[in-house]
Amino acid sequence: MTKYIFITGGVVSGLGKGIAAASLGLILKSRGLKVINQKFDPYLNIDPGTMNPIQHGEVFVTDDGAETDLDLGHYERFTDAVLSQSSNTTAGRVYLTVLNNEREGKYNGGTVQVIPNVTEEILRRMMLSTKETNADVIITEIGGTVGDIESLPFIECIRQMKYEVGEENCCYIHLTLVPFMKKAGEIKTKPTQHSVKELQELGIQPDILMLRTETPLSDATREKLSQFCNVDCDCVIQNLNAKSIYEVPLNMEKEGLGNAVCKILGIEGRETHLEDWARMVNVFENPKHKVKIALVGKYVELHDAYLSVVESLIHGGIENESEVEIDWVNSEEIETDADAEKRLSGADGVIVPGGFGSRGIEGMILTAKYCRTHNKPYFGICLGMQIVVIEYARNVLGWSDAHTTEISKETSHPVIDLMPDQNGKILGGTLRLGKFECTVDKGTKTYEAYGDTTVWERHRHRYEFNNKFRKELKDAGLIIAGVNPERDLVEVVEIPNHRWMVGGQFHPEFKSRPNKAGPLFREFIKASLSK
């Protein structure tokens, strides 16, 4: 029988439920269990695909093309699982399905209500991963904070799950904040008590309390919370601030989280094997080198907008035994060649990640020009790859108006253009999304990185390298290092006679792992260190 774990949050948002869920997934996987994580978000957007990155953070993309919450990136990176469309559900998707069902007459003309119609759809989706993956354990994170109006149908569903699958197959974990009042010199448990009380009023008694804290908790504090929240003392788990997110699973295992969960779910006699993870953390925390990478983007106000890119740079640093220092550069601040020189000369390498719209584009083009002419390692991802092509067309071929038609419809050299089947489509869910094949040419830096002529990476974009200009760009020296064989679309370009300047149309950050860095990130950091 599949076991179900539900993680809720209380007191305040932003406590790290996603990291907690990912850490628990790793702990249980290390005990030989097949684990799948999923997230249910209460917002009414269909998915985060059209949401502002500065407000919501990055959009993570799965192999099958789902645009999902960034927490799914944590799940995949920690557990090395391949998640899917069913791994992220929003209230918007739920209500859309219910309303479509009503329009199609599937409720036989009955009144459509939150209970039972909406809750039944949520329950169906909660159990979908079980049918698709045959997992031993499904870990479900409920977005938001207990008490939010929009979260109520989801809380009601996880209450009902106990009766659907049996009490012995359900475990409820409540993550809350235990603040330390500096002036009083005391840790305060009352917010947690109130949060648990609110959860109990909704029909859920948490089995485990996970307590975010900046100060170690005393035994007396744990006993107090155990008594007032009706939770066994060994199920009151301290989640102390860690040096890095990679340390959290090791800390949680020391705290007894794995044992507590397995005891509640009746999973006995399994040892935890986190030795490989511990070795990776040791390398990360004890680097031999340091490398400075300038990240030139348009959403730098919120670092989570580039979360997977940042994590992948760190992964590349781990494989090169190096600490990666990121210099956040707003591309709008680069308006001249002198600006590029001033802002980028101190970096060992430069990365330009993906993005949409015209803001900051010229600064990115100047960035690519600076790196090309100064032999500075450069890694372009998605838009960053297109920037390489535009800059090369302008400054090597002399096509001064070369551009992407996303920005300029009048350009006589649209070196980046819409795919023919993209014209006129609405924004949401119509990008080239998910995993696609790329055939890599031998003798290229891309081949050196992957060591294979066939690779599969994930995509999220609408505009493509325009094959009408392919021959002229190649004749001028631009290296076409990788192509999608199905549609003959250019996937990777490289600059000749350069230390390391590579642009990929895909997003390799989505498949990078802490203990197995994405090949291009590993080689980019290696090239940046060679300075």
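1. Largest cavity. In this predicted model, the largest cavity is lined by Gly355, Phe356, Cys382, Leu383, Gln386, Glu406, His461, Arg462 and Tyr463. The space inside the largest cavity comes to about 60 Å³. By class, its lining has four nonpolar, three polar and two charged residues. The count of cavities of 30 Å³ or more is three.

2. Open sheet. Three strands build an open sheet with mixed pairing, in the order β16-β17-β20. At the edges are β16 (403-404) and β20 (463-465), each of which pairs on one side only. Tyr463, listed above in the lining of the largest cavity, belongs to the range of β20 (463-465).

3. Pairing of β16 with β17. Strand β17 covers residues 414-418, and its pairing with β16 is in the parallel sense, over two bridges. Opposite Thr404 stands Ile416 of β17. In general, the strands of a sheet pair through backbone hydrogen bonds, either parallel or antiparallel.

4. Helix over the sheet. Helix α16 (residues 383-395) lies across β16, β17 and β20. The helix runs at about 145 degrees to β17. Leu383 and Gln386, both named in the lining of the largest cavity, fall in the range of α16 (residues 383-395).

5. Largest pocket. The largest pocket holds about 1,000 Å³ of space. Its lining has 41 residues; closest to the pocket centre are Gly14, Gly16, Leu70, Asp71 and Asp304. Which elements give two or more residues to this lining? They are α1 (17-29), β2 (35-41), α2 (53-56), α3 (71-79), β11 (236-240) and α13 (307-319). Asp71, one of the residues closest to the centre, lies in the range of α3 (71-79).

6. The lining of the largest pocket splits into 16 nonpolar, 14 polar and 11 charged residues. Charged residues closest to the centre include Asp71 and Asp304.

7. Packing of α1 on α11. Helix α1, one of the elements that line the largest pocket, also packs with helix α11 (residues 257-265). The angle is about 75 degrees, and the axes are 10 Å apart. Angles of 65 to 115 degrees count as roughly perpendicular, and α1 and α11 are therefore roughly perpendicular to each other.

8. Residues in the helix contact. From α1, the contact uses Leu24, Ile27 and Leu28. From α11 come Leu257, Gly258, Val261 and Cys262. By class, six residues of this contact are nonpolar, one is polar and none is charged.

Technical notes. Residues are numbered from 1 along each chain as its sequence is written. This is a predicted model: local features need pLDDT of at least 70, side-chain atom pairs count only at pLDDT 80 or more; totals for chains, interfaces and linings use all residues. Side-chain values use heavy atoms; hydrogens and water are left out. On a 1 Å grid over the protein atoms alone, a cavity is a set of points where a 1.4 Å probe fits but cannot get out, and a pocket is an open set with protein on both sides within 12 Å along at least five of seven lines; lining residues have an atom within 4 Å of a point. Grid points are joined across faces, edges and corners, and a volume is the space filled by probe spheres set on the points. Helices (H or I, at least four residues) and strands (E, at least two) are DSSP runs, numbered from the N terminus. Axes are lines fitted to C-alpha atoms, for helices over the stretch in contact, and angles run from 0 to 180 degrees between N-to-C directions. Angles under 35 degrees count as roughly parallel, over 145 as roughly antiparallel, 65 to 115 as roughly perpendicular and the rest as oblique. Contact means heavy atoms within 4.5 Å. Two strands pair if DSSP finds at least two bridges between them.
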